[in-house]
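Student: I'm new to this one, could you walk me through it?
Tutor: Gladly, here is what we will be looking at.

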Amino acid sequence: MALKTEPIIVNIGPQHPSTHGVFRLRVAFDGEVVQDIEPVFGYLHRGSEKLAEERTYTQVITLTDRLDYLAAMSNNLAYCVAVEKLMGIEAPERAKYIRTMIAELQRIASHLMAQGFFLQDLGAFATPIMYMFREREKILDLFEMACGARITYSYMRVGGVNADLPPEFMPYLTTFINEMPAHIDEYEGLLRENEILITRTKNVGILPADLAINGSITGPVLRASGVAWDLRKSDPYEAYGKVKFEIPVGSVGDNYDRFLVRLEEMRQSVRIIKQCMEQMPPGPHRVDLPMLLRPRKGDAYGSIEGPKGELGFYLVSDGGVSPYRCAIRSSSYINLNLLKEMLVGWKMQDLITIFGSLDVNMGEVDR
Amino acid sequence: MEHLATGCQPPGFFDGMNQWEEWVLNFFPRFGDSLCRSMGGASPGGFPDWAIFLILGIAGALIVVNIAALGVPYVVLLERKLLGRFHNRIGPNRVGIFGLAQPLADALKLMTKEDVTPSAADKLMHALAPLVFAIPVVLMFAPIPWADHAVMADLDIGILYIVAVTTAAEVGVFMAGWASNNKYSLFGAMRAVGMLVTYEVPLVLSIGAVALLAGTLNLSDIVRNQEYVPNLLFQPLGFLIFMIAVSAELNRAPFDLLEADSELVSGFHTEYSGMKWALIQLGEYAAIIGFSAIISTLFLSGWKGPVFLPGYIWIFLKMGFIISGFIWIRATLPRMRVDQIMAFGWKFLLPLAFINLFVTAAEVIAFPDGLPEWLIPVNIGVAFAAVIGFAKLMGFKAQTRKLTFSGDYVPPGEAVNGVRTVARGG
Amino acid sequence: MYGGGIIKGFGITLSYLFKKPFTVQYPEEKAPFHPRFRGYEFVWYEDRCTGCASCAKYCPLGTIKIETSQAPDPNVGNKYKLEVFDIDTGRCMFCGLCVEACPYDALYMGSNFERGTYTRKSMVVHADELRTADKRPSAFARPHLHGVEYKSDSSLESGEAGR
């Protein structure tokens, strides 16, 4: 007579040291192997899309800060790109270069944090986090020089940026960019060839390319699966058409590939920032627009390649001072589509690391 | 012949020693001797033998248990500060200079914390588990020699006793995990039993190799056998295996899946707070101190060292070195997965431990009266060859990967890896 | 390969034992902050303020409350007499849109960040508190303030603060 067993249901709950925010997973385990998952989210829902209908176009920028609160400049940029598309205006040259540079700095900061916490989930007790946060501190110092805040910036405005870069920005940035490749080498030396890391992350959590494309995955997750798709290359916005850079593409789509892709993207971001610094033209930093914007009636969808994927805003305007509808296509929310396919069949420790390597931010998921 | 109680040294033991040698280098035997003689152990009158034995035993036990009890908070402080230095930051430094009063603050906090027991938990087992975990660990300190004649219990089966006693502590882990009525703790406890039992085997085999070299299981004799050359040089492979097996026994990184902070919020001690948690902490860190003492005794020649420092200082220095090594490993390495740990233990460490045992046995048979020094490079070579050769044989290859780079601008309408790019507009 | 990667990691961690820590020992040392810092207080110059309430209209959260009444003599001085000027710093998110909106350079962000209080009510900043506080405006949205140095005790007068 066979032994009757039943799977054990564990609630990896909203408060957990490694769910990257308030995210709840009800998992059915058979021993250590995952059999079924049921994600529950919505704990951080603040009604951003509805609130955006009550605010004017410039006030919505403060709302977008809070979506992916760890990479707020990208959110601001995505929204401003969408509004500019709606209004049919273009930012001046200098503003484009400033925006590109700031977006790439934000990409480095976001990847530093993602890598740090991915390695913490793997068990490297706080060491990579401390090293990476030291560099992130310097980037946040730079942002504080530019706009006065460290996390919720509201720096970009429709038609440019809020204020031009202060004079102390460039020297600090030059020092930072010159020593950043050495720091990235240090992170690589610490963990890239580490046997324990490799055995733990290679061939774990494989996402095949066709499944990723069918599931609308974007960002480093898609690039690690082998698809060379990056919005900065396929439809250049801002100043990306004028700088030379490459996009790293993985082959297998496992945790190790995602880790490597994010490391390499940091290097490419350093390259872009260097070129922006050299090529920056003088000029106005903002288009002269009235304080209350009244775009024409119509709709527009504008998106950028944020650190976590494609972040887009779909704006419908009826000619008034507030958007009629503001829909947010958030990268983390769409990237969670394939969670079940990626998690079932792996062990409990792998569950945590696969979820960590997806780099999900609950502010974006719940909006 | 005078009747001497145990604890008194034979007469003439301290002849020919100057003050320094008598009172500092041989502090513990001298202290025990004066205590014993003051109670009349060397003369026919005075206290009966069993009373002297009892009193001296309690005095010795107090000293040894305090090494564990006072050492633990300071090892916790050392870990926090040293980890901080590895992380490019300072550890605790607010309470007292260099944070030296931090353990006092921690102890006060733990004593005043509320003791929470889950309502559906098995109360008796929940209360007993920290005791079952901590007490065998403190018992482990008995046969360790701290100086030349300063050993609490000179057991002839010293090292075997230590292995047996530390294995008993694993029952406490499982009791704690089961009695908490918490699925996370249960996960931790289940993983624990498998891992701890697995890594006992290479541990015992490498101890067997050292015992072969010394010819005895008595720890004091093993130390005396390492005249000029510590066993580390004769047994590099054994040292490596022992360090790895001890890391697994202590639940330290990279084997700390019992208390994996990021996965199972504290594993088997999730539901403990206050003094019970302090007892579990005591058991864990006292095991670290104890095993460092054992490693120093077996491989680094214990209390032997140049005479300008007494023996017990030398063994403390060596213990500090090994403990710092454990902290260094924790700061650098990520965790391993359960099935990988088991595979590593059974398929890699166990054959290596056997190889080590056979090579040592062959050497001891070939040179029955002491191994010559030229065997040291031979042994180091054998160690390298065994590790690398065995890994190659079993196919354990961990290779890093290269990424491809794509840099071209893809015009709208073209396909990239089967994905057609579209022009975006309006 | 066969343990080489692990040894490399060990080398890097060991080298950090000999480097100077990155820690800033607060509160003895403070991390330097920059001129455009959007601090936790507001700096308000009453003689420049006309009660136009652009700041209140522009605030996304509605934390500024302004009540004005007709001035005693409309031909002399301001048309409005400012009665109530409250900023609820408990709800404010310090985005700085109000500062950007002010056309007369009367409202500035401050540079302080150590303003803890015990009750929520005391977080509402009233007009007299704003009048009598130490004025150390930050350069956010006020580019002309960029090179100005503040000595530790003095506050900036309204004549120096505006354009």
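Predicted model: local features only at pLDDT ≥ 70, side-chain atom pairs only at ≥ 80, totals over all residues.

Student: OK, how many helices and strands does chain B have?
Tutor: Chain B has 15 helices, together with five strands. Of its 426 residues, 51% are buried.

Student: And what share of the contacts in chain B comes from residues 24 or more positions apart?
Tutor: Counting the contacts in chain B with a separation of 6 or more, residues 24 or more positions apart account for 75%.

Student: Which residues touch the most other members in the largest nonpolar core?
Tutor: That core holds 89 residues, and the ones that touch the most other members are Trp146(B), Phe242(B), Ile294(B) and Leu298(B). Helix α12 of chain B, residues 275-299, supplies the largest share of this core, with 13 residues.

Student: Take Phe242(B), what does it touch?
Tutor: Leaving aside residues up to four places away in sequence, Phe242(B) touches Leu203(B), Ser206(B), Ile207(B), Ile294(B), Ile295(B), Leu298(B) and Phe299(B). Apart from that core lies another, of 83 residues, and among them are Ile198(A), Met280(A), Leu403(B) and Ile12(C).

Student: Switching to contacts between chains, how many residues of chain B are in contact with chain A?
Tutor: There are 45 residues of chain B in contact with 69 residues of chain A, and the area buried between these two chains is about 5,000 Å², with carbon and sulfur atoms giving 56% of it.

Student: How many salt bridges are there between chain B and chain A?
Tutor: The count is two salt bridges, and the side chains of Asp339(B) and Lys347(A) meet in a salt bridge at 3.6 Å, N to O. On the side of chain B that touches chain A, α7(B) gives the most, with four residues, and by class that side has 20 nonpolar, 13 polar and twelve charged residues.

Student: What about chain C and chain A, how many residues does the contact take from each?
Tutor: The contact takes 31 residues from chain C and 36 residues from chain A, and the area buried between them is about 2,800 Å², of which 53% is given by carbon and sulfur atoms.

Student: Which side chains meet in a salt bridge there?
Tutor: The count between chain C and chain A is three salt bridges, and in one of them the side chains of Glu186(A) and Lys19(C) meet at 3.8 Å, N to O. As for the side of chain C that touches chain A, α1(C) provides its largest share, seven residues.

Methods. Residues numbered from 1 in each chain as written. Chains lettered and ligands numbered in written order. Heavy atoms only, no water. Contact = heavy atoms within 4.5 Å. Buried area = accessible area lost by both parts, 1.4 Å probe. Salt bridge = Lys/Arg side-chain N within 4 Å of Asp/Glu carboxyl O. Helix = DSSP H or I, 4+ residues; strand = E, 2+ residues; numbered from the N terminus. Core = buried A, V, L, I, M, F, W, Y, C linked by side-chain atoms within 4.5 Å. Buried < 20%, exposed > 50% of the residue type's maximum accessible area, 1.4 Å probe, protein only. Nonpolar A, V, L, I, M, F, W, Y, C, P; charged D, E, K, R; others polar.
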